[in-house]
Amino acid sequence: NDYEKVDLERGIRKDMVAAMKKEFADLNLTFSIGGQISFDVFPTGWDKTYCLKFLPEGDYDEVHFFGDKTFEGGNDYEIFTSERTIGHTVTSPEDTKEQCTKLFMS
């Protein structure tokens, strides 16, 4: 969409997230860039890695994560870089399907 293009060019959300991190540094919150037009705010530790607490270590040989905001500051970054996951960057649902097919169906 048009906003996403402008945001990518000008770094609007990146700057907003940086300003909020500074302004609210004492609140133990995490700020990240979300979907196409959003940013996320949540208590530190409640990022997407929170779900891994419900998968006991050793129960699975591999845990794969697919996300589009896998860059530092993106809302997929923490789980993408977790030692417990194999992270994959995707660009669309079609890309996700293609990567999954190559990984798991070949």
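Trainee: In which helix is the place of Asp 7?

Mentor: This is a predicted model, in which local features need pLDDT of at least 70, side-chain atom pairs count only at pLDDT 80 or more, and totals for chains, interfaces and linings use all residues. Residues are numbered from 1 along each chain as its sequence is written, and side-chain values use heavy atoms, with hydrogens and water left out. Helices are DSSP runs of H or I with at least four residues, strands are runs of E with at least two, and both are numbered from the N terminus. On that basis, the place of Asp 7 is in residues 2-10, helix H1.

Trainee: Is Asp 7 buried or exposed?

Mentor: Buried means under 20% relative accessible area, exposed means over 50%, and partly exposed lies in between, with a 1.4 Å probe and protein chains only. Because its relative accessible area is 5%, Asp 7 is buried.

Trainee: Which residues does Asp 7 touch, not counting residues up to four places away in sequence?

Mentor: Contact means heavy atoms within 4.5 Å. With residues up to four places away in sequence not counted, the residues that Asp 7 touches are Ile 12 and Arg 13.

Trainee: Where does Asn 28 lie, and what is its phi?

Mentor: Asn 28 lies in the loop between helix H2 (12-23) and strand E1 (29-33), and it counts as exposed because its relative accessibility is 53%. Most residues other than glycine have a negative phi. Asn 28, a residue other than glycine, has a positive value, with phi near 55°.

Trainee: How many aromatic pairs does the structure hold, and which residues do the ring pairs link into a cluster?

Mentor: Rings of Phe, Tyr and Trp (its six-membered ring) pair if their centres lie within 6.5 Å, and planes under 30 degrees apart count as stacked, over 60 as edge-to-face and the rest as tilted. The structure holds two aromatic pairs: Trp 46 and Tyr 50 are tilted, at 5.8 Å centre to centre with 40° between the planes, while Tyr 50 and Phe 54 are edge-to-face, at 5.7 Å and 65°. The cluster linked by these ring pairs is Trp 46, Tyr 50 and Phe 54.

Trainee: Is Tyr 50 buried, partly exposed or exposed?

Mentor: Trp 46 counts as exposed because its relative accessibility is 55%, and Phe 54 is exposed because its relative accessible area is 59%. For Tyr 50 the relative accessible area is 32%, so Tyr 50 is partly exposed.
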